[in-house]
Amino acid sequence: MAATTRTVTDLSSTTKDGVGASPRRPDGTLKVTGEFAYSSDMWMEDMLWGATLRSPHPHARILGIDITEALKVPGVQAVLTHEDVPGTKRYGLEHQDQPVLAFDKVRYKGESVAIVAADHPETARRAMERIKVDYEVLAPVSDSRRAALDPDYPLVHDKGELPEHPEFNQSGNRLRYQPIRTGSFVDVAGSKEGQEKTLERLRAEADAVVATEYEVGMQDQAFLGPESGMAVPAEDGGVDLYVATQWLHVDQKQIAPALGLPQDKVRLTLAGVGGAFGAREDLSMQIHACMLALHTGKPVKFVYNREESFYGHVHRHPAKMRYEHGAKADGTLLYATLEIIVDGGAYASATPAVVGVASSLGIGPYEVPNVLVDAYGVYTTNPPCGAMRGFGAVQACFGYESQMDKLAEKLGMHPVDLRVKNAMAQGSRIITGQEIDMPLPMAEMLERCRDLPMPVERTELEDPTDQRTLPGGVAGTTRGEGVVRGVGYGVGLKNLCFSEGFDDYSTARVRLEVVNGEPVVLVHTAAAEVGQGLVTVKGQIARTELGVEKVVIAPSDTQVGSAGSSSASRQSYMTGGAVRTACASVRAEVFELARRKGLVPAGVEDTGLALDGGKLVSATDGVLVSLADLLGESAQGGEVVEHTREYHHRPTEMIDPDLGQGDSHNQFGMCVHRAVVDVDVELGLVKVVALDAVQDVGKILHPQQLAGQIQGGSAQGLGLALMEEIQVKDSEIRNPSFTDYLIPTILDTPPMRIDVLERPDPHAPYGLRGAGEPPTLSSTPAIVAAVRDATRRPLTHAPVRPEDIVGIDL
């Protein structure tokens, strides 16, 4: 059925598969049939295989590297170390603090030390094992709290070794310290004694006080396609890299200096991406493949195995948090304090931005007049951490939502009523002083979520003892004797698009021509399709704006301007905005062409014209001309209309380093979850019976993909609530495989009833609101709250472990 949409001229459009419809994904059939070409599937006849030697120690000095025996292995074409890096030896997403190949110390287990190229992957691995590295092993720097607060704790990076960023209050192992002070804490911001006296006074005024320490474990992005790519040396001395990534241009910006090449000699094309969720923002094999390709003169392919993938990319920052809230008897929040420490591991990656988000959204979407926040991001020798869906906001949300539940219990209030009592709305200000100048129907969303139909009680099931309906399933041991049902709620506030002064923009090239008698639109961007469906949305926007059904999406590469990262729930907003803007320029030129040819009646303004169904139409005179007749066949000298445009969102600013004030975010998103769980309180088994959600998305672009985003984000939150945690001891990962690192399967994923609101954001294209991340925030605390409700245990750690449920101290 044709989709009815709106063009910028406010004329009704009936072009098939435009904005608001759910057209089939162009890559969908290939993916479900197993025919889609992922980056790991690439092949060239004369290619070599790359392998990486990684440090067996989390912290050690490198005294020497001997590659002699590795070079003797038949089939080996190159063995390279830091001495062979042709350009700058350090790179980084924002801070250039990470060695291309380790040259003085290794700072985490798995750090790259040497690379090998050979004619067979097993040959490369055998050669890699013959490289001899002389290490002086050092004690790990693994305690994030000491890294944040103890000035005498050993340094991960020696003083003066890295560029200084005073705006981040750096000191020792602190990569960023961000305080926020509001209300009564402002006047005593510089005095520890004054802050404590203020806190004592507020405690005395409160009728209920809850203070708790929380911890969120290290979560892996767990994408199914490990890091892979192929570098091909070019005749001009440059290199072409085909890679699975999230941000082509930021990769290019880091790769070129390390290779000693200008950026235009390093050309990137997006290869098939098997998931991302933030981990592909950081480089993995990109520079290494290019170095080996340029050194050998042959294509070089890397494919990580799963264990290497665990070591070779960043993870979600684990967090340690201390919260205190005070409220009046009617539930009105009086004050809140937060100390949050996020462990960035050995290198900076996105840690400063994570601290910025965790601090500014640390108290959540609640009106609190007096706030004290101390947020730290630190260097340790633990595994590196960076971007993961909802970064910074996820950790804080678990803390403040757990606090809301505890405070509601202490006050004898329903947890939804307490949240509604203190809910933010349009016109509210978050703790940085920034006004929420877009719809935020939080109270309505909470009430709608509470009013959703509940799943049937266990006693109402046809067979309450059916193991398929019990915690643990058919592989479990429960028979239902100790099973208790619990219900919990969660709500989270998430910043969308990039923040804190980053010039966030995307570029789109749109071309309209007639091919074989039919108008065709080409859309070319550098945006990474990582599974979220952007490849479909770009086509929908072009159809809506230009009224042409046939849209071709060009491969994403660096031959067009940057599209930014496929992260921060930003691509529909930013690249969608860029495509829409470029289409508007194309449409305006078509209107002008029609005027020059005398096809537009006198007195008809552009606002009365539209492109619809392959025709130029007027609101008053109907169809004026077909695009095929207006433009003519491009192969025969017809008109080709093409424009490249950038789209920037409104400017943001850094929050100040002293009081934490400033308009640091562009847009806010929100999701509310209600979780229903059955818990065997004797065996520590949990079954999530229902995980229902209410979310405001501003404008639905593709209903089916939207549902998938909400379901997917909720499933990742479920994993963090109940099973997903990288176990790290003395800075070493103990479970680097999907055998020991558990992720939810279809058997763990419950039915999800989704209620979607459309309250347009006036600042956004089509009024849309990024939708991918907010469900990940609220699902975790909702599920943990439901388990608390069933077990009556405090449960301060995510994920909840079986021993937490049964009360065993392991």
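Two strands pair if DSSP finds at least two bridges between them. In this predicted model, strand β29 (residues 685–696) and β32 meet that condition with four bridges, in the parallel sense.

**Domains**
- The domain assignment of the chain lists domain 1 as 28–36 + 505–648, domain 2 as 39–138 + 226–273 + 280–313, and domain 3 as 426–496 + 667–806.
- Between the C-alpha centres of domain 2 and domain 3 the distance is 38 Å.
- Domain 2 gives six residues to the contact, and domain 3 gives 10 residues.

**Sheet with β29 and β32**
- Four strands form an open sheet in the order β20-β28-β29-β32, and the pairing is mixed.
- β20 (483–496) and β32 (754–757) are the edge strands, each pairing on one side only.
- From one strand to the next, the twist averages 20°.
- Within the parallel pair of β29 and β32, Q695 has V756 in β32 as its bridge partner.
- Helix α17 lies across β20, β28 (667–680) and β29, and runs at about 155° to β20.

**Sheet with β4**
- Another open sheet has three strands in the order β8-β4-β10, with antiparallel pairing.
- β8 (105–106) and β10 (132–137) are at its edges and have a single partner strand each, so one side of each has no neighbour in the sheet.
- Two bridges join strand β4 (residues 60–66) to β8 in the antiparallel sense.
- R61 has K105 in β8 as its bridge partner.

**Helix α17 against α16**
- Helix α16 (residues 703–722) and helix α17 (residues 774–791) have axes that come within 7 Å and cross at roughly 45°.
- That angle is why α16 counts as oblique to α17.
- The crossing of α16 past α17 is right-handed.
- On the α16 side the contact residues are Q709, I710, G713, S714, Q716, G717, L718, L720, A721 and L722, and on the α17 side they are P775, T776, S779, T780, I783, V784 and V787.
- By class, the residues of this contact of α16 with α17 are nine nonpolar, eight polar and no charged.

**Helix α17 against α10**
- Helix α10 (residues 393–411) packs on α17 at an angle of about 35°, and the axes are 8 Å apart.
- α10 passes α17 in a crossing that is right-handed.
- A393, V394, C397, F398, E401, S402 and D405 of α10 make the contact with T776, L777, S778, T780, P781, V784, A785 and R788 of α17.
- The residues of the contact of α10 with α17 comprise eight nonpolar, four polar and three charged.
- T776, T780 and V784 of α17 are listed in the contact with α16 and also in the contact with α10.

**Backbone details**
- Most residues other than glycine have a negative phi, and most peptide bonds are trans.
- The peptide bond from A798 to P799 is cis, and its omega is near 5°.
- P799 sits in the loop between β33 (797–798) and α18 (802–806).
- S569 is a residue other than glycine with a positive phi, near 50°.
- The loop between β23 (550–553) and α14 (571–596) contains S569.

Key
Residues are numbered from 1 along each chain as its sequence is written. This is a predicted model: local features need pLDDT of at least 70, side-chain atom pairs count only at pLDDT 80 or more; totals for chains, interfaces and linings use all residues. Side-chain values use heavy atoms; hydrogens and water are left out. Axes are lines fitted to C-alpha atoms, for helices over the stretch in contact, and angles run from 0 to 180 degrees between N-to-C directions. Angles under 35 degrees count as roughly parallel, over 145 as roughly antiparallel, 65 to 115 as roughly perpendicular and the rest as oblique. A crossing is left-handed if the near helix is turned anticlockwise from the far one by less than a right angle, and right-handed if clockwise. Contact means heavy atoms within 4.5 Å. Ala, Val, Leu, Ile, Met, Phe, Trp, Tyr, Cys and Pro count as nonpolar, Asp, Glu, Lys and Arg as charged, and the others, Gly among them, as polar. Domain bounds come from an automatic or database domain assignment.
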